[in-house]
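Thank you all for coming.

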Amino acid sequence: MKCFLDRDGVFNIDYPYVGTIDRFCWCPQIFPILKLLHSQGYQLILITNQSGINRGYYSYRNFLDLSFYILNTLAEHSIDLEINYCRHKPEERCKCRKPEPGMLYRYSISDSDIFIGDKATDMIAAVRRGIPNRFLISSAPSGPYTEAFDCHASLLSRLTAALIPPTSTYACSPGKRRWDRL
Ligand SMILES: [Zn+2]
């Protein structure tokens with residue numbers, strides 16, 4: 001099971017072009033979300049556009065330093081994260097920059113897989129790759145999402161309800177899709 005996640009706006013407050021640790025501010029509730037997914041067996045995979053590198057707003061080295069800061073912080077919570085990034089500007093017309101799905105073609109996809117993003121471009125990349133559960137955190141949702149949440153806390157509630165059995169004898173009925181509405 002895989003959970004793909006956007007970075008800016010999901011992990012951290014989406015100030016434009018966050019490229020250095022001093023401008024990286026963790027979103028509230030992202031740690032319990034990641035912990036819950038990790039504890040339920042989800043592989044956590046970051047899918048992030050970082051055109052700020054090729055635009056010259058910050059260096060590749062800055063991006064790697066920030067990535068190691070994120071990895072080290074998550075490791076303190078025993079959470080592993082696989083990082084995929086696109087450094088290209090739109091006019092470079094690469095196949096990895098969202099809404100293109102190139103970064104997602106590195107992975108096989110199953111019915112239980114999730115994409116969590118905060119922009120329509122995240123949802124478009126996810127639908128192009130056939131990811132069935134597309135969760136959008138946005139107060140003005142748009143794009144091909146399957147469920148929208150106005151904040152991280154409401155997403156956390158949804159994940160908790162779906163992933164944590166209400167009683168110890170709970171069992172999924174055969175054939176029921178994991179993310180069908182409970
Ligand atoms: Zn690219």
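In what order do the strands of the open sheet lie, and is their pairing parallel or antiparallel? Please keep in mind as you look that this is a predicted model. The sheet has 6 strands, arranged in the order E3-E2-E1-E4-E5-E6, and the pairing is parallel. At its edges are strand E3, residues 82-86, and strand E6, each of which pairs on one side only. On average, and with direction ignored, neighbouring strands of this sheet are turned by 20° against each other.

Let me now turn to strand E5, which covers residues 133-137. Of its 5 residues, 4 are buried, so the strand is largely enclosed by the rest of the structure. On one hand, E5 is joined by 4 bridges to strand E4, residues 114-117, and the two run parallel; in this pairing Ile114 stands opposite Asn133, and Ile116 stands opposite Phe135. On the other hand, 3 bridges join E5 to E6, residues 147-149, again in a parallel arrangement, and here Ile137 is the residue that stands opposite Phe149.

What do E4 and E5 form together with helix H4? With H4, which spans residues 120-129, they make a β-α-β unit, and that unit is right-handed.

If we step back to the whole chain, there are 5 helices and 6 strands, and reading along the sequence gives the pattern β-α-β-α-α-β-β-α-β-β-α. Of the contacts between residues at least 6 apart in sequence, 56% join residues that are at least 24 apart.

Just after H3, Ser78 takes a positive phi of about 60°.

Finally, the overall dimensions. How does the radius of gyration of the protein chain stand against that of a compact globule? For 182 residues such a globule would have a value near 16 Å, and the chain has 16 Å, so the two agree. The C-alpha atoms fill a box of roughly 55 × 35 × 30 Å, taken along the principal axes, and buried residues account for 27% of the 182 residues.

Terms used: Residues numbered from 1 in each chain as written. Predicted model: local features only at pLDDT ≥ 70, side-chain atom pairs only at ≥ 80, totals over all residues. Rg over C-alpha atoms; globule rule 2.2 N^0.38 Å. Buried ≥ 20, exposed ≤ 12 C-beta atoms within 10 Å, placed from the backbone. Contact = placed C-beta atoms within 7 Å. Pairing = 2+ DSSP bridges. Right-handed = clockwise from strand over helix to strand, strands pointing away. Axes fitted to C-alpha atoms, helices over the stretch in contact; angles between N-to-C directions.
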